[in-house]
Amino acid sequence: MKKILIIDDDRVSLEKLRAILAGEGYQVLTASDGEEGLRITRQERPDLIILDVLLPRLDGFQFCEILKKDPLLKDIPIMMLTGVYITQEDIERGLQLGAERYILKADAYAAKPFARADLVREVKALLGEEVPAKPPQEVVLVIDDDRLIRELAKRSLEMEGYRVVTAADGEEGLAAAEQEGPILLLLDIQLPKMSGLDVLSEVRKGHPDVAVVMMTAYGSEEIAVEAMRRGADDYLIKPFKPWGLAAVVKENIEKARLRQLNRQLIAQLRESNIRLMGKHRALEAQNRELQRAYAQLKQLNAMKDNLITMIVHDLRSPLGVILAALEVLDEDLGDKLSPEQRSILWGALSAGQQQLTMINNLLEIQKLEAGKMPLDLQKVEVAEVVQACLAPMEPRIEGKGLELTVSIPDDLPPVRADKNVLARVLGNLLDNAIKFTPSGGRITISAEPREDEVLISVADTGPGIPRERQARVFEKFEQLREPQAGRPTGVGLGLAFCKLAVEAHGGRIWVESEEGKGSRFSFTMPLWRER
């Protein structure tokens, strides 16, 4: 940690200096006169000495002269402080004696003895450390025909860290304002060539954000108030105290900053609003295009459905004739046919019936989608529907050696449903379970009450459904595949019918499945309520 010795008989100044430098991480030593400072220097060998010019017992110049003649101490850098007016000869003498810097302490009227940032930069430079970048100075323009006022304002504000530009009349002031771009104007009301009010009006045209403080003598406050009505930010009565000037300038510069920030924010908001409006128009155009495409898609979909309906109807009529003819042949010639011929006839009848079932499924799905399929809602016992569905399927279950479990409580409440439609939903789910469960597997049918509905499930121990396909199994024409053959089964209408039929009753249907462990299809039906 580098050591800095401060020698100053002004305790206030010394303590402020000590606090600033200690805050920067330096070890600070202090002395109140030149002789004490010289003794501490010889004992502690500080890295930097900061001393006042006017010191008791041994002044700053004498201290420098002694120090620079000592071969052990001559290389210690010195910064000299002065709070009085000194001539150029004094400065040159001090530098010749080895003082590397002068920093003027504030006069009695200054708000602080020195600018902290300037002091820290000078100290770091003398110690060979990295010097923080000096921020750009804000410009204050003083326009007054009184030279003393200009000089007083300039000296006071430069001590506060501002760069001060002065002008003696309105025309000169306007030219300086254009060239310097000040953040604040100190503007006298009574000026030669142009009045302060005229200057104010011209400045506001080109520099709306600049702070303007009018200066006026006692007895002219009315004019100052008029200036504020015309856009001035504040006014100052002459003669003024330097610290009062600094406070007014600081306050009004803050106003200027806020005004500038507000204008920038408004401009940014305006630009953002324009961009948002452009994006909104683009989104509106995209939305119109999507609506047009959606309408076109709906029209094409309707045309497709109409075409399918027309084709299905046209297929069902000749298919009915073919099936009727095959049934007549079976009845009239069944006993006369050879076993091979009978097998062919029954195969044709079976294929025709399967085709007719698919056609009817497709027609019913279209009716359900359009909400045109009437439901005969009545009081239905789930157990009865399950038994009715199982009866024709028992040979297939026994043929594959499947274990069947039916878990339906005796007190299960009835549901409100179309009995035939419910039977078809259960039949489709059971058919899939039998088809996909390998020999020796297990099928479980269960039902249980759930508040205002009954939950019905059909579970199997088949191959399961891949997770990525589970969300699509209820879509039209989505086909499941037999585990052994790996080929699609059916045309993918059974589960689509189940979904539409269950939802038409106000229920829900879903699947839970894990590959290699089986699937569980569940759906709900509303409870029967006596009206």
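In this predicted model, the axes of helix H2 (residues 34–44) and helix H3 (residues 60–69) come within 10 Å of each other and cross at roughly 25°. Because angles under 35 degrees count as roughly parallel, H2 is roughly parallel to H3. The crossing of H2 past H3 is right-handed. On the H2 side the residues that meet the partner helix are Gly-34, Gly-37, Leu-38, Thr-41 and Arg-42, and on the H3 side they are Phe-63, Ile-66 and Leu-67. Sorted by class, this contact of H2 with H3 holds 4 nonpolar, 3 polar and 1 charged residues.

H1 passes H5 in a crossing that is right-handed. Leu-17, Ile-20 and Leu-21 supply the H1 part of the contact, while H5 contributes Arg-116, Leu-119, Val-120 and Val-123. The contact of H1 with H5 is made up of 6 nonpolar residues and 1 charged residue, with no polar ones.

The next part of the chain brings in a sheet. It is open, has 5 strands in the order E7-E6-E8-E9-E10, and its pairing is parallel. The edge positions belong to strand E7 (163–167) and strand E10 (234–238); each has a single partner strand, so one side of each lacks a neighbour in the sheet. Direction ignored, neighbouring strands of this sheet are turned against each other by 20° on average. Helix H6 (residues 147–159) packs on the sheet and touches E6, E7, E8, strand E9 (211–217) and E10. The direction of H6 makes about 170° with that of E7.

Strand E6 (residues 139–143) and strand E8 (residues 184–188) run parallel and are joined by 4 bridges. How much of E9 is buried? Of its 7 residues, 6 are buried, so the strand is mostly covered.

The loop between H6 and E7 contains Glu-160. With a relative accessibility of 24%, Glu-160 counts as partly exposed, because the buried class is limited to values under 20% and the exposed class to values over 50%. Glu-160 and Lys-250 are separated by 90 residues in sequence, yet their C-alpha atoms are 9.4 Å apart in space.

From H12 the contact takes Glu-384, Val-385, Val-386, Cys-389 and Leu-390, and from H14 it takes Lys-419, Leu-422, Ala-423, Leu-426, Gly-427 and Leu-430. By class, the residues of the contact of H12 with H14 divide into 8 nonpolar, 1 polar and 2 charged.

Another open sheet, also built from 5 strands, has the order E12-E14-E15-E17-E16, and its pairing is mixed. Which strands stand at its edges? They are strand E12 (403–407) and strand E16 (509–514), each with a single partner strand, so one side of each is left without a neighbour in the sheet. From one strand to the next, the twist averages 15°. Strand E15 (residues 453–460) and strand E17 (residues 518–526) run antiparallel and are joined by 7 bridges. Val-454 is placed opposite Met-525 in E17. Helix H16 (residues 494–504) lies across E16 and E17 and runs at about 30° to E17.

Key
Residues are numbered from 1 along each chain as its sequence is written. This is a predicted model: local features need pLDDT of at least 70, side-chain atom pairs count only at pLDDT 80 or more; totals for chains, interfaces and linings use all residues. Side-chain values use heavy atoms; hydrogens and water are left out. A crossing is left-handed if the near helix is turned anticlockwise from the far one by less than a right angle, and right-handed if clockwise. Helices (H or I, at least four residues) and strands (E, at least two) are DSSP runs, numbered from the N terminus. Contact means heavy atoms within 4.5 Å. Ala, Val, Leu, Ile, Met, Phe, Trp, Tyr, Cys and Pro count as nonpolar, Asp, Glu, Lys and Arg as charged, and the others, Gly among them, as polar. Two strands pair if DSSP finds at least two bridges between them. Axes are lines fitted to C-alpha atoms, for helices over the stretch in contact, and angles run from 0 to 180 degrees between N-to-C directions. Buried means under 20% relative accessible area, exposed over 50%, partly exposed in between (1.4 Å probe, protein chains only). Angles under 35 degrees count as roughly parallel, over 145 as roughly antiparallel, 65 to 115 as roughly perpendicular and the rest as oblique.
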